[in-house]
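Trainee: I have a structure to go through. Could we take it in short questions?

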Amino acid sequence: MECFSIKGGVPLHGEVTISGSKNAAFPVMAATLLTDEPCVIRGLPELSDTRFMAQILASLGAQVRFKNGTLAIRAKKIRGFADYDLVRKMRGSICIAGPLLARLRQVRISLPGGCIIGARPIHLHLKGFAALGAKIKIEGGYVDAAAKKLVGATMFLGGRAGSTVLGTANVMMAAVLADGVTVIESAACEPEIVDLADFLNVMGANVSGAGSPTITITGVKKLHGAEHEVIPDRIEAATFAIAAAATDGEITIKHARADHLRAVIDKLNEANVSVKRSGGNLVVRRQGVLKPVDVTTLPYSGFPTDVQAQMMSLLALAPGISIITERIFESRFMHVSELARLGADIEIEGPSAIVKGGRPLSGAPVMASDLRASAALVIAGLAAKGTTQVNRIYHLDRGYENMDAKLRKLGARIRRVEEQT
Ligand code: EPZ
């Protein structure tokens, strides 16, 4: 298996261009199933997960060509049954359920497995489908949803952690061809939901309120083919900003949306890191000694859970006590024990991690566990003295396009090598 070998201590300098958003890609790619006409989606990140999503769409019968970040697709004739193994492997594929239900009035999909960060239930997705008139059956690890007709309805999709991002996406897509008006209350407000609504409207749908907790969808008869470019990946942008701050460097981040990063920029400023807009780019620079800050992850526009691990790596370097509280997932602290191997002093107290920052980190072999925890370990390795080997970096390749090449371009001494067993 491949790993990253990182020689830390080099401040990052230069320019990095952010790829398209992985979490915008899945719903937008799935939305192409809503029409039998050709669609073109541009600016997609070339990741194992996006290639996998393209494979799933092809397995449903769509004609698919995915090359150099562009998906050309025509879902002329499709079936409502996604291969059990394909869907179970990647949670993001759950968002094919809504479009298949809307287009075919029936869908059979495997229950997405939980993953290392939590149980990942989908009851809110199913609550939305049922509100539109679908009959739901769960057996043998599959979900069957079927409806003679989908009728617009008002529903509340708030759950234990506030809203659900893919649940909101799924129900929006199920509702665009329903009879009448659907109102989703306690909808997710993430930029990826706004991006999906933009694409649906270009296809001829009638979606308003995306980005707010109340989204209104007026059903239409048919959607036509369309072209779309996905938004930049705000989580990747945050990851590189934090890497620059952790290594005491200065970088310019191109193709990033500052308006999608307000909570992250606010916390970085509080930690004594400047993030300035300059001609559509972001210039990130630490302004002296890092300061400890308290962070709580929340639904958008709060601090994103997908940046929690990376922020922990930074705060391990900030002299003083920082408290990081994870409110979205039940077990998203897998990176803590690995950061401790690099010398970080972090104690978990229920949903919070108490970070006693300021001790210098020193390199060691560490194990990646989930996508964002892996990014946190890379950041810590870049800041640590000596060599850090991050194993199982296939987790990273799922969500970061050419991360090592981008980091090398910023001066990092990072190599992709075979894992020494
Ligand atoms: C999306 O996952 C993202 N993935 C996640 O990013 C992100 O962490 C998450 O939103 C929260 O922002 C994609 O977009 C592909 P949720 P999603 O439904 O939609 C609970 C990454 O690293 N919940 O918003 O699956 C759930 O258990 C990934 O890029 C229910 O209780 O997340 C969680 O505690 C990781 N019932 C909370 O809501 C449901 O029916 C948020 O989950 C659905 C969710």
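Predicted model: local features only at pLDDT ≥ 70, side-chain atom pairs only at ≥ 80, totals over all residues.

Trainee: How are α8 and α12 oriented to each other, roughly parallel or roughly antiparallel?
Mentor: Take α8 as residues 234–246 and α12 as residues 371–383. Their axes are 9 Å apart, and the packing angle is about 20 degrees. Angles under 35 degrees count as roughly parallel. So α8 and α12 are roughly parallel.

Trainee: Which classes make up the contact of α8 with α12?
Mentor: From α8 come Ile235, Thr239, Ile242, Ala243 and Ala246. They meet Arg372, Ala375, Ile379, Leu382 and Ala383 in α12. By class, the residues are eight nonpolar, one polar and one charged.

Trainee: How do α10 and α12 lie, roughly parallel or roughly perpendicular?
Mentor: Helix α10 spans residues 308–315. Its axis comes within 7 Å of the axis of α12, and the two cross at roughly 20 degrees. The crossing is right-handed. The pair is therefore roughly parallel.

Trainee: Which residues of α12 meet α10?
Mentor: On the α10 side, the residues are Ala309, Gln310 and Ser313. The contact has seven nonpolar, two polar and one charged residues. The α12 side supplies Arg372, Ala373, Ala375, Ala376, Leu377, Ile379 and Ala380.

Trainee: Why are α1 and α7 described as roughly parallel?
Mentor: Helix α1 covers residues 22–31, and α7 covers residues 191–202. Their axes are 9 Å apart. The cut-off for roughly parallel is under 35 degrees. That makes α1 roughly parallel to α7, as the angle is about 25 degrees.

Trainee: How many charged residues are in the contact of α1 with α7?
Mentor: Asn23, Ala24, Pro27, Val28 and Ala31 stand on the α1 side. Glu192, Asp195, Leu196, Phe199 and Leu200 stand on the α7 side. The contact has seven nonpolar residues and one polar residue, and the charged ones number two.

Trainee: Now the ligand. Which residues are closest?
Mentor: The ligand is surrounded by 24 residues. The closest are Arg91, Arg160, Thr164, Asp306 and Ile328.

Trainee: What is the distance from a polar side-chain atom of Arg160 to an oxygen atom of the ligand?
Mentor: A backbone N or O atom of His123 is 3.1 Å from a ligand oxygen. For a side-chain N or O atom of Thr164, the separation from a ligand oxygen is 2.7 Å. For Arg160, the value is 2.4 Å.

Trainee: Which residues does a cis peptide bond join?
Mentor: Look in the loop between β17 and α10, where Ser301 lies. Omega is about 20 degrees for this bond. The pair is Tyr300 and Ser301.

Trainee: What is phi of Arg105?
Mentor: Arg105 sits in the loop between α4 and β6. Its phi is positive, in a residue other than glycine. The value is near 65 degrees.

Trainee: Last one. How far apart are the C-alpha atoms of Gly225 and Leu132?
Mentor: Gly225 is in the loop between β12 and β13. It touches Thr35, Glu37, Pro38 and Cys39, leaving out residues up to four places away in sequence. Leu132 is 93 residues from Gly225 along the chain. Their C-alpha atoms are separated by 24 Å.

How values were computed: Residues numbered from 1 in each chain as written. Heavy atoms only, no water. Axes fitted to C-alpha atoms, helices over the stretch in contact; angles between N-to-C directions. Helix = DSSP H or I, 4+ residues; strand = E, 2+ residues; numbered from the N terminus. Parallel < 35°, antiparallel > 145°, perpendicular 65-115°, else oblique. Contact = heavy atoms within 4.5 Å. Nonpolar A, V, L, I, M, F, W, Y, C, P; charged D, E, K, R; others polar. Near = heavy atom within 4 Å. Polar contact = N/O pair within 3.5 Å; in protein donor to acceptor, adjacent residues only side chain to side chain. Left-handed = near helix turned anticlockwise from the far one by under 90°.
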